[in-house]
Amino acid sequence: MLSLNIIQLKKEIFFKKMGEEIEFPQYFLCPISLQIMRDPVTTVTGITYDRASIKQWLATAAVCPVTKQPLPPTSDLTPNHMLRRLIQAWCTANAVDRIPTPKSPLQRSIVLKLIRELNRSPDADRSTQMNALTIIDKLAAENDGVNRHIMAVAGVPNAMLLFIVKYFKIGEILGVEEALRVLKLTWTPEAEIGFVGDNSDVIGSIMWILKIEIEDSAKLNALIALKNLIEIETSTLIEKLNLEFFEEIVKMMKEKKFAQAAIQVLIETCSWGRNRAMIVAAGAVAELIEMELRSNQETKRATEVVFGLLAQLCYCAEGRQELLKHAAGMAVVAKRLLRNSAATDDRALCVMESVARFAATKEVVAEMLRVGAVAKLCMVMQADCADYLKRKAREILRLHSSDWSNSPCIQVYLLTRNPR
């Protein structure tokens, strides 16, 4: 976090002009960055800051940097036009590069007008509709969090979904890529998506996008939109998902560019036992294992996501059966333990525990020993890792201590109730 230094605020700052030093007025400087303010804004505490600096500050602290009074991140920032004009006039008078006038924030009324034009029937005035979509796309593409927030609050995400559904029903892809891009950029969990709850057309339209010939970026945005929708959805729509839905998502998993987004969709849906069984039936467990076999562990996060889904699928009998059916299933789980991250370790131990408790035939117990899973559990006991992971490993070892204690590679004391 930035620390303010009053002495630094009072220090003299000079600009050089033609070999001369020019003193810069102190009240032109942002109290946070100590740089000239390009877009001065005043907070509710009465202190003026540069917009970029105060927004960055409020992302990590909810207090005014100068007064230390509470200052929520959503507080209004009022443009200080008078100070900005003074700074611009001073720069002109002293032959210093003039501070450009910042763009005015997007007006909500403009967004609402564009939404009304977008909501027209495709048969009524398609050119007006497409023009409105193009403008919305350009506004969303600007790297301006304020504008995107205004668009989200005004209902742009909802309008994009309605647009996609309309064109899904008439079987046209015109404008769909732009709508998906805008939806991704303006989406917030608080966005008003009121019509989604009982309308399977939304899911149907997104699945349609995944199947048609369209840019890969559009398909990726469609998966992201699907994941976001399921996150805020109640059980009504999630319960209606069928095997065909999960087969299509698992199919997307097989392509590296879509894999992570597809897995996130499945994670959001598999909390329901019925869905979990269908995800397994669609071939997700085997594909997750194959992904790890092909993986060179480019990122820790990718492996964490894979094991996050695998752990949930192994909570059901079908998932455990598919894991054990795969020749490399338990070996992959054992290999990743203690080699990626604490999150992966936790999920790998969840998989092992599910198997050891509910699917431990003599063959499975022997396989866990043969592929090194038991040895890895003993390593967890001795590794510098979290205590809860050690407790979980100990519990798994105790489940079949009589079978594993005779192995020369297992230290017997690790299988006893109380560690030495």
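Is aspartate 346 buried, partly exposed or exposed? At 22% relative accessibility, aspartate 346 counts as partly exposed. The cut-offs are under 20% relative accessible area for buried, over 50% for exposed, and partly exposed in between (1.4 Å probe, protein chains only).

1. Basis. This is a predicted model: local features need pLDDT of at least 70, side-chain atom pairs count only at pLDDT 80 or more, and totals for chains, interfaces and linings use all residues. Residues are numbered from 1 along each chain as its sequence is written, and side-chain values use heavy atoms, with hydrogens and water left out.

2. The bridge at aspartate 346. Its partner is lysine 392, with the closest N and O atoms 2.8 Å apart. Helices here are DSSP runs (H or I, at least four residues), strands are E runs of at least two, and both are numbered from the N terminus. Lysine 392 is buried, at 18% relative accessible area.

3. Salt bridges overall. Side chains of opposite charge can pair when their charged atoms come close. The criterion is a side-chain nitrogen of Lys or Arg within 4 Å of a carboxyl oxygen of Asp or Glu. A search of the whole structure gives 15 salt bridges.

4. Lysine 169 and aspartate 201. Their side chains form a salt bridge at 3.3 Å, N to O. This pair also links distant parts of the chain, 32 residues apart. Lysine 169 lies in helix α7 (residues 156-170), and aspartate 201 in helix α9 (residues 201-211). Lysine 169 counts as exposed, at 59% relative accessibility. Aspartate 201 counts as partly exposed, at 25%.

5. Lysine 257 and glutamate 255. The closest N and O atoms of this salt bridge are 3.9 Å apart. Lysine 257 is partly exposed at 47% relative accessibility. Glutamate 255 is partly exposed at 34%. Salt bridges with shared partners join Asp216, Glu255 and Lys257 into one network.

6. Aromatic pairs. A pair of aromatic rings is described by the distance of the centres and the angle of the planes. Rings of Phe, Tyr and Trp (its six-membered ring) pair if their centres lie within 6.5 Å; planes under 30 degrees apart are stacked, over 60 edge-to-face, and the rest tilted. The whole structure holds five aromatic pairs. In one of them, tyrosine 27 and phenylalanine 28 have ring centres 4.8 Å apart and planes at 85°, so the pair is edge-to-face. Ring pairs link Tyr27, Phe28 and Trp90 into a cluster.

7. Tyrosine 27 is placed in the loop between β2 (20-23) and β3 (40-42). At 55% relative accessibility, tyrosine 27 counts as exposed. Phenylalanine 28, by contrast, counts as buried at 2%.

8. The largest pocket. Its volume is about 480 Å³. The lining has 16 residues, and Pro73, Thr74, Ser75, Leu77 and Val146 lie nearest the centre. Helices α2 (51-58) and α6 (145-154) are the elements that give two or more residues to this lining. A pocket is an open set of points on a 1 Å grid over the protein atoms alone, where a 1.4 Å probe fits, with protein on both sides within 12 Å along at least five of seven lines; lining residues have an atom within 4 Å of a point. The volume is the space filled by probe spheres set on the points, which are joined across faces, edges and corners.
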